[in-house]
Amino acid sequence: ADHALQQDDLAHHLHPFTDHRQLAADGGPRIITHGQGVWLWDTQGRRLLDGMAGLWCVNVGYGRPELSEVARRQMDRLPFYNTFFQTSHEPVIELSKKLAGLLPEGLEHIFYANSGSEANDTAIRLVRHYWQAVGQPQRSVIVSRKHAYHGSTIAGASLGGMSSMHDIPGIPIPDVVHAEAPYAWESGKGMEEERFADAAARSVEEAILAAGPERVGAFIGEPIMGAGGVIVPPAGYWQRVQAICRRYDILLICDEVVCGFGRTGNWFGAQTFDIRPDIMTMAKGLSSGYQPISAVAVGERVVAPLLERPGRLPHGFTYSGHPVAAAVALENLNIIEREGLVEHVRETVAPALAGGLGALADHPLVGEVRTLGAMAALELSPESIQPGGNLPLGTVATRVRNLCFERGLATRAVREGLVFAPPLVITTDEIDTLVDILTGCLDAVAAQLRE
Ligand code: PLP
């Protein structure tokens, strides 16, 4: 049965972000059947510890009957109605009220979409509508950063800072510029933290000055870059970036698609770094991935001129505020709250990950370990085992990643490193298991490199 499924997949399924030649050479995908807590199973009955919470999203873990129950009830009652024009429904109203209560003060108005990409597209459109409404339509430039990930639509890919995302004509779209990332492993080695924070923030200011501050409408950033490699900024970086935005009257957008809903040990990454964005985008952990839903939270400053303008806001998606997705998201937030998962991250997961993975900093194959909340990255340094080894970037991390999958741990390779973002419900025993499997894989790959 497995083989037939794999053949059908190879024949008909175009996978996102996948090397299809490699997939075919491997005989097709590993087929995941079900999950419980932090664990996944495949068609061959093998068990995997999900070190990535699906794709940074299954915050409450797999196998939550509360969520399927809520979805079933809502489907029976009202599976769909739109929120265009002048109608609404209870799930979206209740979710909006709940979110407004959890969000940092001042973010009270919420627009819905289906994915993180759409949330970021929406944020850009709202920013441009805002500047138009206040008589400064020339403020169309958005400043983003290298290594950022903001999605896969044309605008999302443009905002992103990975060169592979810009590899086709027309991307980035006009009026998107990129500053440097606050990525010490790449550009701040040996630099004192405060000096590096200064330098990284200065790069944002330089991008603004190069574009012309009077033309810049917003800066967008993930509090901690996720897909770019769990890039934890140096202390003081975000305060400086916020101050720069205020100096030039530029709106600050936090992309909380990964950082939101407990991942960093607070409800939102902006709280962890003590900043006050004008706009926040969310997805993933909003529903723990149980339903596709995303949101854009907007403060009074931006919303007031838009609401005062005559006529319709010309923006929206059929499934904006989808009732089933909204009901599931609401129950998901209730679970996070009821089970104290944000505190669990802060008090239990963060120290256990920092301790367990932090100890690997001395491993011969590891160059640096970064952890914050329930996020972590390892930078590998194969050159310390094979000086002048010259393997193409990513070879060793991919090898470790593949071995981890074979030995029952799902992780992800980014450049020559590995990232982790397990479900927030992970226990200290499960973190020990994660670290044990990873250590064994690092040992094995280090031994291969020595041969
Ligand atoms: N923003 C961030 C920070 C992300 O990590 C992602 C996806 O990984 C997105 C936006 C795009 O979200 P989606 O894949 O739901 O469009």
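This is a predicted model: local features need pLDDT of at least 70, side-chain atom pairs count only at pLDDT 80 or more; totals for chains, interfaces and linings use all residues.
**Close-up 1. Phe85, a loop residue with a positive phi****.** Phe85 belongs to the loop between α4 and α5 (90-102). The backbone is worth a look here too: phi of Phe85 is near 55°, a positive value in a residue other than glycine.

**Close-up 2. Ala53, a helix residue with a positive phi****.** Here is another residue that is not a glycine but has a positive phi, in this case of about 45°. Ala53 is found in helix α3. Ala53 is buried, because 28 other C-beta atoms lie within 10 Å, and 20 or more make a residue buried.

**Close-up 3. Arg64, a buried arginine in a loop****.** Follow the chain to the loop between α3 and α4 (65-77), and you will find Arg64. With 20 other C-beta atoms within 10 Å, Arg64 is buried. From C-alpha to C-alpha, Arg64 and Arg30 are 23 Å apart in space, and 34 residues separate them in sequence.

**Close-up 4. The cis peptide bond between Ile171 and Pro172****.** The bond that joins these two residues has an omega of about 0°. Pro172 sits in the loop between α7 (154-159) and β6.

**Close-up 5. An open sheet of four strands****.** Reading across the sheet, the order is β11-β12-β15-β14, and the pairing is antiparallel. At the edges are β11 and β14, each of which pairs on one side only. From one strand to the next, the twist averages 20°. Helix α14 packs on this sheet, where it touches β11 and β12. The direction of α14 makes about 175° with that of β11.

**Close-up 6. Strand β15 and its two partners****.** Side chains in a regular strand alternate between the two faces of the sheet. In β15 (residues 417-420), Gly417 and Val419 point one way, Leu418 and Phe420 point the other way, and all are buried. Strand β12 (residues 375-380) runs antiparallel to β15 and is joined to it by four bridges. Look for Ala377 of this pairing, which stands opposite Val419 in β15. Strand β14 (residues 412-414) also runs antiparallel to β15, with three bridges between them. Ala413 stands opposite Leu418, while Val414 has Gly417 as its bridge partner. β14 and β15 form a hairpin with two residues between them. In the turn, Arg415 has a positive phi of about 45°.

**Close-up 7. An open sheet of seven strands****.** This sheet has mixed pairing, and its strands follow the order β4-β10-β9-β8-β7-β5-β6. Its edge strands are β4 (107-113) and β6 (176-179), each pairing on one side only. Direction ignored, neighbouring strands are turned by 25° against each other on average. His109 has Val298 in β10 as its bridge partner. Helix α12 (residues 300-308) packs on the sheet and touches β4, β8 (251-255), β9 (279-282) and β10. The direction of α12 makes about 90° with that of β10.

**Close-up 8. The shell around the ligand****.** You can find 16 residues surrounding the ligand, and the closest are Ser115, Gly116, Ser117, Gly151 and Val257. Helix α6 (residues 116-133) gives the largest share of this shell, three residues. By class, the shell has six nonpolar, eight polar and two charged residues.

**Close-up 9. Where domain 1 meets domain 2****.** Domain 1 takes in 31-60 + 340-450, and domain 2 covers 66-338. Taken over C-alpha atoms, their centres are separated by 27 Å. Contacts link 26 residues of domain 1 with 21 residues of domain 2. On the domain 1 side, the elements that give two or more residues are α3 (53-56), α14 (341-358), β11 (366-372), β12 and β15. The largest share comes from α14, with five residues. The residues on this side of domain 1 divide into 17 nonpolar, four polar and five charged.

Note on methods. Residues are numbered from 1 along each chain as its sequence is written. A residue is buried if 20 or more other C-beta atoms lie within 10 Å of its own, exposed if 12 or fewer, and partly exposed in between; C-beta atoms are placed from the backbone. Two strands pair if DSSP finds at least two bridges between them. A residue is near a molecule or strand if its C-beta atom, placed from the backbone, lies within 6 Å of it. Ala, Val, Leu, Ile, Met, Phe, Trp, Tyr, Cys and Pro count as nonpolar, Asp, Glu, Lys and Arg as charged, and the others, Gly among them, as polar. Domain bounds come from an automatic or database domain assignment. Two residues are in contact if their C-beta atoms, placed from the backbone, lie within 7 Å. Axes are lines fitted to C-alpha atoms, for helices over the stretch in contact, and angles run from 0 to 180 degrees between N-to-C directions.
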